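Work through the exercises below with the sequence and the model side by side. Try each task before reading its solution.

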Amino acid sequence: MVSYVYIIQYVVFTILMPGYELIGEEERHEIMDVLDNGGVLFRHGFNSLRSNRFKVRDFEIAFAEYMSCNYALAVTSGTAALRVALAALGVGPGDEVITQSFTFVATVEAIIESGATPVCADIDMTLNLDPIALEGLITPQTKAVIAVHMLGGAANINEIKRICEKHSLFLIEDTAWGCGGRINNKHLGTFGDIGTFSFDYAKTMTTGEGGMLTFSDESIYKRAYAWHDHGHENNPQFARWEDTRTSSGFNYRMMELQGAIGLAQLKKLTNVIEKQRQNKEMLWNSLKDLPGIERRHMPLDAYDTADALIIVFKTHELAKDCRTKLAHVEITTKILPEAISWHFAGEWNHMHQLKSRHGGDLLNAFSRSRDILSRCLSLPISIHLEKETAGLISKTIRGCFACENG
Ligand SMILES: *Cc1c(COP(=O)(O)O)cnc(C)c1O
């Protein structure tokens, strides 16, 4: 069995990540625009006070335009976006929802919160949902699939979508970590019924906390809209306090300061991703000649957000050795391998719903995923990645190969 315990005796310096690397004048300007014009922080109403400033609404419109989709709905987090998506699709007790074994805990938490049963499938070399493993797990109870685009790289979403259509399943794309990624120029998050996004502080664009949903279908959008706001239908014929409703819901409303920051961050996204892609290529070019290493796979015509460079080694020992030696020179890795316990379902014995669905044995439930992930090393890509840092990373990893051969 592979051990995931890494004892880090060194102070690890965190390489900056985008989003928060670029909080500046543009964000300040948007926030002051709210505060200097009535200071209304709620997304609805107070029309006489707010001088026509509606930042959350504008953010939704700009996001839908950027994504080339029909509707976008802002919420309080990426986790909330997943929960709202499941509610809008009518997923609940008695249903099963299939997602992938490599994702953040939030994906499975949202399924548990909906009352449905979580099911996890193995990943393939994209490090995302393996379509073949997915199809093998479908039962008469399966109602929806959540494909995740982990660490900026696309899942085989066209193939996954074909399987969902064949079995009449809803498809949600957890695009928390893939905002701005595309396949053949179509944005990740717009392939399925609903796309969900996160703007937490570690994501490619950030509002501190925050999330978004994208839709093509109006009726699904309307259900999500109502559910995220206590069932409010925002009926134009009534004041908010007399508003109509047909179902109960919850409160996951985004507030105006988040919307303001989101507007500024969204304008930077294209350049952020382009810069990350350049830096990722620079780093890969300094490593690719090493024997027996490969990059995580991408679907044909995929444009990834280059959030991280994920290298797959031949053995777990080599990946682990590189991780340790990088930590010695104060270079950190991102998720793989050090934060695996928060991102791999094989470690989630605290989720009894997941555990019992997989026969009480999570340790051996996803052995193929465990094998792939144990051989991965994920190097964070920042906008300000310096040539010297890339050189140090390359030199250190090369040193591990020298040890192995000598
Ligand atoms: C970050 C993340 C989430 C949760 O988003 P929050 O905004 O932090 O709630 C969900 N899924 C994935 C894959 C994530 O990376």
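**Exercise 1.** Classify F250 as buried, partly exposed or exposed, and do likewise for its ring partner W227.

*Solution.* Buried means under 20% relative accessible area, exposed over 50%, partly exposed in between (1.4 Å probe, protein chains only). Step 2: apply them. F250 has 46% relative accessibility, so it counts as partly exposed. W227 has 15%, so it counts as buried.

The model is predicted: local features need pLDDT of at least 70, side-chain atom pairs count only at pLDDT 80 or more, and totals for chains, interfaces and linings use all residues. Residues are numbered from 1 along each chain as its sequence is written, and side-chain values use heavy atoms, with hydrogens and water left out.

**Exercise 2.** Determine the geometry of the ring pairs F59–F63 and W227–F250.

*Solution.* Step 1: state the rule. Rings of Phe, Tyr and Trp (its six-membered ring) pair if their centres lie within 6.5 Å; planes under 30 degrees apart are stacked, over 60 edge-to-face, the rest tilted. Step 2: take F59 and F63. Helices (H or I, at least four residues) and strands (E, at least two) are DSSP runs, numbered from the N terminus. Both F59 and F63 are buried. Step 3: take W227 and F250. The centres are 6.4 Å apart and the planes are at 20°, so this pair is stacked. It links distant parts of the chain: W227 is in helix α7 (residues 218-227), and F250, 23 residues away, is in the loop between α7 and α8 (256-285). Ring pairs join F59, F63, F197 and F199 into a cluster.

**Exercise 3.** How enclosed is helix α4 (residues 105-114), and what covers its buried residues?

*Solution.* Step 1: list the buried residues. They are V105, A106, T107, V108, A110, I111 and S114. Step 3: find the cover, using contacts (heavy atoms within 4.5 Å). It includes α3 (78-88), β2 (96-100), β3 (117-121), β4 (142-148) and β5 (170-174). Step 4: check the residue that follows α4. G115 has a positive phi, near 95°.
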